[in-house]
Amino acid sequence: MRVIVDQARCTGAGQCVLAASAVFDQSEDDGTVILLDAEPPEGLASAVEDAVVLCPAGAIALER
Amino acid sequence: MIVGASAAGLATATSLRRFGFEGVIRLVEREAAPVTERPPLSKEILGGAPDSAASSAQWDRLVSQEIELVASADAVDLDLARREVVLADGAREGFDHLVIASGVRPRQLEGGETAGVHTLRNLPDAIRLRAELVARRELLVVGGGLLGFEIAAAAAELGARVRLVRSGPDALAAAVGPSAAARLEGMHRERSVDVVTGFRARRADRSGERVEVTFDDGSAESADVVFSSIGSVPNVEWLEGSGLDVTDGVRADAFCAVAPGVWAAGDVARWEHPGLGRATRWEFRTHAAEQGVAVARNILGAATPFSPIPFRWTDQFGQRVQFAGYATPDAIEEVARTGDDPLRELRTYSIGERLVGVIGWNAAAAVSRHRALLAPYPA
């Protein structure tokens, strides 16, 4: 799977970090999303899907 | 069937699919398509961003997930015995499971609709309001919660002359904590927003080209444009004949179940919060999706009580304030860091050894780190 983030849409809520901290982090500067792993292992699929749905800005997409 | 295709309804629908539900998922939505995200409406959209800045990613994905959407369809009744939702056109839609995600609408000031008082719930509202907020026009904001202050800030940045009148200081303090509230109020004053406290609006009337608002003490104030954000009314009228408890939202248990095979999620759901030990209803954007996901899991048999930690944020004058958890009077407040940058601050709230709340000012990464450590409830 491939994870795509849209930093322009990101509002720094951090829902993604809380859902999948191995995949997402936030900039210390402005709190926007930092994608740590664009192709995380399949075992993290559920957590990444949570991040996609829980992001209040719709800034995360997942391609399989 | 899911009644309501905003944040909670969409999260429920997409989560049912991703958790493996292969049956029919029908989303019934009162508004005409598309439903947008609401947080950008009082921020980027008023600031002149294109409509796409408010688009909902979950909405855009509905077709590819084989989720049926029935838009411009108003649910007007629920027949629990026959397990049918009745729509305004008379159609009766049967369901095996029903998710009530019909949300809330702005409370209207008496006379407000006739007088042209603006409220904000959807993109057409935001576009209509933005057209009025041009330089030197006078805007009166009635209501001192986050929405009122966000509108005031956006309008001030557009050059409007803004006065915000609120009945008391509590709404803002409850939303962002007392110190951030004081700081935001100071910023508004610095930007010439006149914040007036202690007056509750009673009604609005047209006054020539202007709108006049009358307050409880009989005083009146007029402006070119009036915006009111005086709370929300849960959209539960359609449930009044159903036998369900619809006092301040639709009542649900700790699993978000309203009745067998009937669930509630989002702004409309007054559910039994296991951690707080009482029923509560939250109008927070992140909560809506979290509860939608929880409902999807429980529909599929997870039987997991829903015990979230609240999170809310506001953007005003380029500042982002985020508040997770609780800042109750019995909690000890500590300023965790200021660093060199006065535009950045973090405050934590602890009861004994338990971290129960964190409020950050332009400190999102640190807020998230503390959120991961929060005790699930303040007691």
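## Helix packing in chain B

In this predicted model, helix 1 of chain B (residues 7-18) packs against helix 8 of chain B (residues 285-299) at an angle of about 35°, and their axes lie 7 Å apart. The crossing of helix 1 of chain B with helix 8 of chain B is right-handed.

On the side of helix 1 of chain B, the contact is made by B:Ala7, B:Ala8, B:Ala11, B:Thr12, B:Ser15, B:Leu16 and B:Arg18. Helix 8 of chain B contributes B:Arg285, B:Ala288, B:Ala289, B:Gly292, B:Val293, B:Val295, B:Ala296 and B:Ile299. By class, the contact between helix 1 and helix 8 of chain B has 10 nonpolar, three polar and two charged residues.

## Largest cavity

Two cavities of 30 Å³ or more are present in the structure. The volume of the largest cavity is about 90 Å³. It is lined by 15 residues, of which A:Cys10, A:Ala13, A:Gly14, A:Cys16 and A:Cys55 are the closest to its centre. The lining of the largest cavity has nine nonpolar and six polar residues, and no charged ones.

## Second largest cavity

The second largest cavity holds about 50 Å³ of space. Its lining consists of B:Ser179, B:Ala180, B:Glu345, B:Arg347, B:Ile359, B:Gly360 and B:Trp361. Two or more lining residues come from each of helix 7 (178-190), strand 25 (345-351) and strand 26 (354-361) of chain B. Strand 26 of chain B gives the most, with three residues. By class, the lining of the second largest cavity divides into three nonpolar, two polar and two charged residues.

Key: Residues are numbered from 1 along each chain as its sequence is written. Chains are lettered from A and ligands numbered from 1 in the order in which they are written. This is a predicted model: local features need pLDDT of at least 70, side-chain atom pairs count only at pLDDT 80 or more; totals for chains, interfaces and linings use all residues. Side-chain values use heavy atoms; hydrogens and water are left out. On a 1 Å grid over the protein atoms alone, a cavity is a set of points where a 1.4 Å probe fits but cannot get out, and a pocket is an open set with protein on both sides within 12 Å along at least five of seven lines; lining residues have an atom within 4 Å of a point. Grid points are joined across faces, edges and corners, and a volume is the space filled by probe spheres set on the points. Ala, Val, Leu, Ile, Met, Phe, Trp, Tyr, Cys and Pro count as nonpolar, Asp, Glu, Lys and Arg as charged, and the others, Gly among them, as polar. Helices (H or I, at least four residues) and strands (E, at least two) are DSSP runs, numbered from the N terminus. Axes are lines fitted to C-alpha atoms, for helices over the stretch in contact, and angles run from 0 to 180 degrees between N-to-C directions. A crossing is left-handed if the near helix is turned anticlockwise from the far one by less than a right angle, and right-handed if clockwise. Contact means heavy atoms within 4.5 Å.
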